[in-house]
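Please look over the model shown here. The report below goes through backbone geometry, packing, charges and overall dimensions.

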Amino acid sequence: MSVQDSIVGRWPLAGRDSEIETFDQAWAGRRHRAVVIVGPAGVGKSRLAEEYLARAVRAGWSGGRATASAAAATIPLGAIAHLLPPEVDLSDPVKGFAVATRVLAGQAKRRARRALLIDDLHLLDAASAALLHGVVEASAARLIGTVRAGEPITDAVDALIGDDAALRIDLVEFAPHQVEEVLRAALGGPVGHRAVHQLHEASGGNVLYLRELVLGALRAKSLANDGEIWDLAKDWLVGTPRLAELIEARLAAVPRAVRPMLELLALCEPMALADAIAAAPAADTLATLENAGLVQIRQERRRLTITLTHPLYGEALRERISLLRRRSVLVEQAQRIEAHGSRRREDALNIATWRLAATGEADSVLLAQAAVLARHARDYGQVIALLDALPTGDHTPASLVLQGDSLLQTGQWQRADQILAEAELRADGGAEGVTATLIRTWNLFWMAACTEEALRVNEAARERIPPDAPELRRTLTVNEASLRTLSGEPARGLAILEGTEASAWDALDPNMWATAALSKAAGLMLGGRTEDAIAWAQHAYSRNLQIDQNALGAPPPASQLLPMVVALADAGRLEAAREISQQALSDLVAAQGPQPRVWALFLRGRVEWLAGDIAAARRWYAEAVAQARTYHQTRVLCHAFAGQAAAAATLGDLTAAEAALSEMREHPNMGLFAGEERLGEAWLHVAHGRLAQARDVLTEAAQAARETGHVTSEILLLTDLARLGAAGDAADRLADLAMTCDGAFAPARARLAHALSVDNPDDLLAVARELEAIGAFLLAAEAASAAGTAWRRHGQSRHVTAATTRAAAYAARCKGVRTPLLVMTGTSAPLSARERDVALLAAAGAPSKDIAAQLVLSVRTVDNHLQNIYSKLGVNTRRELSQAMREFGASLEALPSEPHQVHQR
């Protein structure tokens, strides 16, 4: 069955868990004789009522259903006649009601309990309501009903559902997290954060509209799965014919005389209430629309604005407005605002946008002013559209910088560089020219492999600064430091940033201050000074919120939270890192910041990798890849693909890991998190049983991190080296690093490496508890597993059971993960580190000669190890060895069925 068929057949009830739990508790008790679901149209009342009835039937009740309607209400008992027992004579209502109640009560006594579902109870006729009231009062049946919020209810229906015996369940539109639950259940896999946000915004949380939007996006192939995650295309078009019909039916309820006001709002919302009143064709127009639930009035500071109540109403209305009518409405509204003197801040933007949409042109001064306002709102697409309409001769260096900045933000690097280079040439060489240089250097930085060019442009600009402008020279020096910090030289860059005197920081223009502040926090974080990084990032975030949003190139305030996410995680505050990550993602979606949002996705994956929730890490890395491709953010792809490869390999999906690793090699390495880009390569070796090669890769990667001052990356890489059998090589360096790093995580990982190197079970269990407290459950599971192996070697069976039980509890938090330290948990005899290396390679199909070459052993030594392994595991052949390793949880599940195929490959 296709995804579309599945959604059409059964739109999932995910997101309504609390309501279902409430129903189950009420139905199991005796207090409530009726359950009434109340809510606006489109929130899934009927679907939930059907689920309630199904649950009652599964509990042994017999079920019946009916739908009340305006037509049925004209006929007494018209809605429920088919539910009554055949012996009931309706010609005598008094007698018939008594017989119906008696028959149904008799059924209840014979345990044929009856549950009745009545949809749209508010439309029920009085006779039906009276009969049902008697039946329910006599406990002859229980009622499940739905009522549309805001609809008038008759006295008879109120008597039926208005007392304490009726449980009322109010349904509201879905919140974003509920939309995510629904989409995941419907689509059968994770859904991108931006897609969830867009679908929630477009549907307003209305379940009916959400369903139609999803179906329409699937049919148009705008909602697709890349093999890892479901995501929406950048050019996704909201709306479907079916959705338009549903909304048009809703809009058709109002008089035609007020339709022009709806069209005006669809094209020009939000509008000042005063403007709407002036444009309304009649005095009661807005009141009519408000009573119909089609518009809403909001207080924004001292101003009242009016909008349509649902975003899809505007979409549906705009679809049906002719070109000439659209032009007329927009020009008239622009003229109204101009007649009032265009006093409001946003008037210039609105007038320019309306005139441009209506006629294709607008006044140049107005276009330039409007572009500044659009940039204030971070509407980069609107900025580009407005300035593209500006005649070439009317461009100024300021407008060119504004245009180049918006092109940068949307990933149009090449065109941005051309425009910013022109802005540099046309600038006066002072502050205006420096602003152009700053934005151009960061545009070059974010372009693939253009860091050196960015530094060259920055230096050339610095040399042009006259001696009497030292503050401009300092600005470009700080800019160079920021560029170096984020491109692989954190120690060098941080030295300049921390050495810059306070007065120079205060003199920096706002956009440079924000960028430099972010880079400083990143430098502190990469250098292991996590508490300093957290404190500085908090300060930068607060300051960034106060910065004038017209400052060009300034990152969104939530960008300042990204170094904090990494610092919190590396300090061992993993749950706090998740919370800040979620805040940053939500803010960046709202701020239309695709570039920092992509990095936020990647960093969330890194947090989950450190926590050991590898499936979650893979999901976030996959979304980072999808969004980076959509918005042309190539700089993050090397790291995101590396993380995806490492996660897939650790979960045993070798095909996906190899594909991600191949993709990673197509993208340049930014230099950030030095060495971590090799994690995918290392863990793919592990998945193939090549632990020696994995250790070599990690050793080289850790050395690269050390040489460039990436302390937190070096700790991560050395920890993995220790986990893969080289704890003795990593322990001393980790101990040194733990002395210089903040937080609990670095010391815990250093103690883990030491405990593994000396094979001390007491120390291993102690560090497992530390790692559990931090939230690093995979490392905790490995430490406890290693403790069990050590106790078994000492013949301490009681301690073995305790350690392996603890390891299993930790490992349950890391579902699907397979690592060498978890391989032999529960075996009757432990394998040594060397035996484990040999066993993994042999199980993967490598002959003794190749194993000897890889591990630098003689063939005879390899064969002796194999005999010991066979004896300990109770097997006789390599095929049996492979099966045994699978049973013990080794990362070999994706191996070909014939062992020799691995060797040939």
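Asp759 sits in the loop that joins helix H37 (745-758) to helix H38 (761-774). The model is predicted. Phi of Asp759 is near 55 degrees, a positive value in a residue other than glycine. Asp759 counts as partly exposed because its relative accessibility is 30%.

Asp120 also has a positive phi, near 60 degrees, and is not a glycine. Asp120 belongs to the loop between strand S3 (114-119) and helix H5 (126-137). Asp120 is buried, with a relative accessible area of 19%; the cut-off for buried is under 20%.

A cis peptide bond runs from Glu269 to Pro270, with omega near -5 degrees. Pro270 lies in the loop between helix H11 (259-268) and strand S8 (271-272).

## A buried alanine

Ala436 is part of helix H21 (residues 431-446). Its relative accessible area is 0%, so Ala436 is buried. Leaving aside residues up to four places away in sequence, Ala436 touches Val401, Leu420, Ala423 and Glu424. The C-alpha atoms of Ala436 and Leu425 are separated by 9.3 Å. Along the chain, Ala436 and Leu425 are 11 residues apart.

## Salt bridges

Side chains of opposite charge can pair when their charged atoms come close. The count here comes to 49 salt bridges.

What does the pair of Arg618 and Glu228 tie together? The side chains of Arg618 and Glu228 meet in a salt bridge at 2.9 Å, N to O. Arg618 lies in helix H31 (residues 614-630), and Glu228 in the loop between strand S6 (223-225) and strand S7 (230-232), so the pair ties together parts that are 390 residues apart in sequence. Both Arg618 and Glu228 are buried.

Arg723 and Asp720 form a salt bridge of 2.8 Å, N to O. They are 3 residues apart in helix H36 (residues 711-740), so about one helical turn separates Arg723 and Asp720. Both Arg723 and Asp720 are buried.

Arg492 and Glu489 meet in a salt bridge at 3.1 Å, N to O. Arg492 is partly exposed, at 45% relative accessibility. Glu489 is partly exposed too, at 27%. Arg492 and Glu489 belong to a network of salt bridges that also links Glu459, Arg462, Glu480 and Arg484.

## Negative surface patch

Which residues gather in a patch of negative charge on the surface? They are Asp17, Glu21, Glu180 and Glu181. Helix H2 (17-28) and helix H7 (176-187) each supply at least two residues of this patch. Glu21 is found in helix H2. At 48% relative accessibility, Glu21 counts as partly exposed.

## The whole chain

The protein chain has 46 helices and 10 strands. Along the principal axes, its C-alpha atoms fill a box of roughly 100 × 85 × 45 Å. Of the 905 residues, 57% count as buried. Among contacts with a separation of 6 or more, 68% come from residues 24 or more positions apart.

The chain exposes about 37,200 Å², and carbon and sulfur atoms supply 51% of that area. There are 94 positive and 106 negative charges.

Conventions: Residues numbered from 1 in each chain as written. Predicted model: local features only at pLDDT ≥ 70, side-chain atom pairs only at ≥ 80, totals over all residues. Heavy atoms only, no water. Patch = residues over 30% accessible without salt bridge, like charges linked within 9 Å, V, L, I, M, F, W, Y side chains within 5 Å. Areas by Shrake-Rupley, 256 points an atom, 1.4 Å probe, with all protein chains shown as cover. Salt bridge = Lys/Arg side-chain N within 4 Å of Asp/Glu carboxyl O. Lys, Arg positive; Asp, Glu negative; His and termini not counted. Charge placed at Lys NZ, Arg CZ, Asp CG, Glu CD. Helix = DSSP H or I, 4+ residues; strand = E, 2+ residues; numbered from the N terminus. Buried < 20%, exposed > 50% of the residue type's maximum accessible area, 1.4 Å probe, protein only. Contact = heavy atoms within 4.5 Å.
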